[in-house]
Amino acid sequence: MHSSENNSKPKRFAGILLHLHPAFIKEEALAFNRTFGLGGMAALLIVIQFITGIMLRFYYEPFPQKAYDSILLLQNNVLFGQLIRNIHHWCGVFLVVITFLHLLRVFFTGGFQSSRKINWLIGLLLFVLIIFSNFTGYLLPWDQLAYWAVTVGTSLLEYIPLIGNSIREFILGGDEVNANTLLIFYNFHTAVLPILILLLMVYHFWRVRKAGGVILPKSNSANSIVPTYPNLVYREFIVALALIAVVLVFAVFLNAPLLSKANPDFSLNPTKAPWYFAGIQELLMHFHPFVAAFLIPFAIIFCLTALPFVNLKEEPSGIWFHSDKAKRAAKFTAITSSVLTFILILINEYLPDFETLLPWLNSFISNGIIPLVIVLCIVWFYYKFILKKFSLSYLELVQTMFVFVTSAFIILTIVGVFFRGIDMELNFPWNL
Ligand code: HEM
Ligand code: HEM
């Protein structure tokens, strides 16, 4: 493929897109369900964020006395001000969802092994930077929602042993959200993070090319090679237009939230962390903070980082879910894990917990260790059960357990965002 790239030239040029791609690609790589265009969508959303972000900067003022009023001015007195803000808001949300789906796509097609190891790590870093971008942006409107969500979000750091408090104070520029925090977040949001994202993104793209494009199943038939333009470029164009249309529909009909101006003396009830941290906040309702906000999140981050270096005893296949039986196991696991998580949340909410039942025990043990051991036992039994039921290979088992954890986390996030009302009590979304 690379030799054809060097020897031949595309018949026509389609602008910058062609510099990102080789001139010719394998026909197989064109199938939409190979990648669902998710990486490209993430890139487009970032470009939109950069453009709308720079526009917002013309009016936004990062000082507590002025920030909120500058957003009001932007919304009410600037032509298309509200629309630009809405686009920036919704693209921020979509970016988290789309990059997460892209991560799942890469995982389930086995695109994280051999020559793609480093790109998996770069991708993880990009994901973290996107969460940080969203989080730092969240504070900027300086309304009640922003102030209290960032207060709760940063308080999660306190549970990191030894250094948690220092990190929190460093990030906040004080011991609570204040004028320094706003300026620090603003500088990170509009300078440090965009530069890092841009650099890593370029490197990420380069590594995709270096690995010879996206992972494809090994096929015995001769691969036919087609010119990138128009075959791939036209497809990308259609996906881009569809995505822009969806963003515009959201931005026209649903305004970015703006409550009253931030008031440090009057907290919101419920005080919720931003939605992408809602899963962790939900865990806090069920486990000791050390387990919920430190042990579990860091274990997940560790596993994701270590993943490309684990010997899975098989070559990456490039086929979604590797095999049909693994696909069935994944579906079964997604449903089981979701239902199980929901049931456990209900049990913990409505039946007395171990802290109440065993008041003489240290809460770290009754509310931390005991529920954690119970959950680990459930995971272990499920591991044994699924192995027997579907007789999976090691790679397929890892994949299935990943589905188990991911589904649980998605349910925790949904419950945290939509089902927690006043005093964080469980309720139906329409009663909140
Ligand atoms: C990955 C890229 C980015 C993401 C995910 C992101 C996300 C966000 C979010 C979630 C908000 C809060 C919006 C709201 O709901 O009120 C925000 C606000 C803001 N962002 Fe960004 N942003 C990104 C890049 C940028 C860039 C590159 C700039 C400028 C150079 C920028 C400038 C701003 C400004 C000035 C605000 C405050 C205005 C407002 O809140 O409406 N952003 N951003
Ligand atoms: C800003 C966020 C990101 C952007 C713009 C981006 C962009 C892309 C693009 C355009 C591709 C080529 C094929 C495709 O569309 O799937 C790709 C491939 C890849 N991405 Fe990302 N990505 C991002 C985040 C991530 C994340 C979070 C991960 C995983 C942790 C990741 C890991 C990979 C890997 C390993 C490949 C190669 C996969 C293969 O060859 O099949 N990326 N990325």
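Reader: Why do the side chains of R420 and E349 count as meeting in a salt bridge?
Author: The N to O distance between the side chains of R420 and E349 is 3.1 Å. A salt bridge is a side-chain nitrogen of Lys or Arg within 4 Å of a carboxyl oxygen of Asp or Glu, so the pair qualifies. This is a predicted model, in which local features need pLDDT of at least 70, side-chain atom pairs count only at pLDDT 80 or more, and totals for chains, interfaces and linings use all residues. Side-chain values use heavy atoms, without hydrogens and water, residues are numbered from 1 along each chain as its sequence is written, and chains are lettered from A and ligands numbered from 1 in the order in which they are written.

Reader: Where in the chain are R420 and E349?
Author: R420 is in the segment after α17 (394-418) and E349 in helix α14, 71 residues apart. Helices are DSSP runs of H or I with at least four residues, and strands are runs of E with at least two, numbered from the N terminus. Salt bridges with shared partners join E282, E349 and R420 into one network.

Reader: What makes R420 buried or exposed?
Author: Its relative accessible area is 0%. Buried means under 20%, exposed over 50%, and partly exposed in between (1.4 Å probe, protein chains only), so R420 is buried. E349, at 25%, is therefore partly exposed.

Reader: What coordinates the iron atom of ligand 1?
Author: H88 and H189 each coordinate the iron atom through NE2, at 1.9 to 2.0 Å. Donors are N, O and S atoms within 2.8 Å of the metal (3.2 Å for Na, K and Ca). H88 lies in helix α6 (residues 81-108) and H189 in helix α10 (residues 179-210), 101 residues apart. Both H88 and H189 are buried.

Reader: What makes the arrangement around the iron atom of ligand 1 octahedral?
Author: The six donor atoms subtend angles of 88 to 179° at the iron atom. Six donors count as octahedral if opposite donors are over 155 degrees apart and all others between 65 and 115. The arrangement is therefore octahedral.

Reader: Which residues are closest to ligand 1?
Author: R85, H88, H89, G137 and H189 are the closest of the 21 residues that surround ligand 1. A residue belongs here if one of its heavy atoms lies within 4 Å. Helix α4 supplies six residues, the largest share of the shell.

Methods:
Tetrahedral: all angles 85-135°; square planar, octahedral: opposite > 155°, others 65-115°.
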